[in-house]
Amino acid sequence: MPYIGTKVYSDGSHYIAIPPDNFPSKKRKRRKPKPTTVKAVDTQKEKFETAYAESQKLPKRERKKYIAEQLKDDFKTDEQLEEFVAENIERKKINAYKRYTRLWRKVNLQDKWNFFVTFTYDSEKFDETTFKKKLRNALKHAVNRNGWKYIGVFERSPDKERLHFHGIFYIPQMIGEIVEIKDYSTKSHRMQTTYQNTHFLKEFGRNDFKPIDLPNDISQSVKYLLKYIEKSGEKLVYGGKLPTYFKSDILDEDVACGFGVDDKKLLLFDSFRCIDEGEILGKVSPEIIEKMPKCN
């Protein structure tokens with residue numbers, strides 16, 4: 001008996017199917033809106049979020065102690081304080097794990113990444129707020145007009161605190177031209193070669209369009225992004241259609257074995273057939289996946 005309407009994702013090596021019957025959706029009851037009350041400017045949760053962000057600059061063994069120190073005046077007992085801090089740190093860990101999982105599934109499902117791009121803030125052209133706004137707007141136009149896709153993050157360099165945007169990109173149609181530029185790196189104290197885009201060089205200043213040539217370059221690029229969001233707490237920025245799953249009916253003979261907790265997921269053979277509304281479109285491939293319905 002086939003599995004109907006399964007969500008399929010790639011873990012980078014294999015395809016995994018999630019049958020809907022094994023993961024029934026939970027319908028949430030709508031809560032009646034509570035009467036509005038005057039809210040204190042700094043709630044305990046807001047204070048935790050601030051302290052948590054500040055603590056990321058410290059060694060891991062010192063972070064929990066720092067957070068507790070910032071919140072101690074809001075709790076009557078040490079036990080209440082410790083329970084609150086531990087509970088919220090666990091919440092942050094779970095949310096981070098979900099974001100990382102979603103990120104990797106989006107990256108693995110889009111197999112055409114071809115550039116790792118860096119844009120550097122130029123104080124002579126913008127202030128930081130305008131830089132962020134104009135860059136995101138320019139990338140939005142590149143997505144809509146030229147089919148670009150990207151996942152990136154804004155971060156600051158550790159030495160000069162200069163704002164950058166790093167991202168992994170799929171660029172089917174280039175805007176401007178890529179030119180090779182040799183200059184001196186103040187960080188490594190030696191000559192370096194960068195590949196800069198003439199359009200973005202004129203509009204935003206220094207940039208680097210580094211080609212992604214090997215599959216390992218993709219994983220290294222994503223780990224590079226993850227390092228910054230762990231360090232700074234910044235959120236990832238997505239552009240273009242980047243689904244987490246595609247949907248397909250799955251035949252019994254295409255299932256290698258059960259997978260995950262209680263074998264609720266299905267590990268698929270590498271040549272499994274993709275089926276949309278009863279029609280077999282072919283064995284799984286980037287071209288076939290492109291034709292399949294997508295979801296998040």
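1. Arg273 is partly exposed because its value, 25%, lies in between. The model discussed here is predicted.

2. Arg273 has a salt-bridge partner in Glu253, with 3.5 Å from N to O. This pair links distant parts of the chain: Glu253 sits in the loop between β10 (245-250) and β11 (255-259), while Arg273 belongs to strand β13 (residues 273-276), and 20 residues separate them. Glu253 has a relative accessible area of 52% and is therefore exposed.

3. Other salt bridges share partners: Glu49, Arg91 and Lys92 are joined by them into one network.

4. Between Glu128 and Arg156 there is also a salt bridge, and its closest N and O atoms are 2.6 Å apart. Here too distant parts of the chain are linked, with Glu128 in helix α4 (residues 128-146) and Arg156 in strand β4 (residues 149-156), 28 residues apart.

5. Are Glu128 and Arg156 buried, partly exposed or exposed? Glu128 has 27% relative accessibility, so this residue counts as partly exposed. Arg156, at 34% relative accessibility, counts as partly exposed.

6. Lys182 pairs with Glu180 in a salt bridge whose closest N and O atoms are 3.7 Å apart. The cut-off for such a contact is within 4 Å. Lys182 counts as exposed because its relative accessibility is 56%.

7. How many salt bridges does the model contain by this rule? The count comes to 8. Among them are the pairs Glu128 with Arg156, Lys182 with Glu180, and Glu253 with Arg273.

Definitions and conventions: Residues numbered from 1 in each chain as written. Predicted model: local features only at pLDDT ≥ 70, side-chain atom pairs only at ≥ 80, totals over all residues. Heavy atoms only, no water. Salt bridge = Lys/Arg side-chain N within 4 Å of Asp/Glu carboxyl O. Helix = DSSP H or I, 4+ residues; strand = E, 2+ residues; numbered from the N terminus. Buried < 20%, exposed > 50% of the residue type's maximum accessible area, 1.4 Å probe, protein only.
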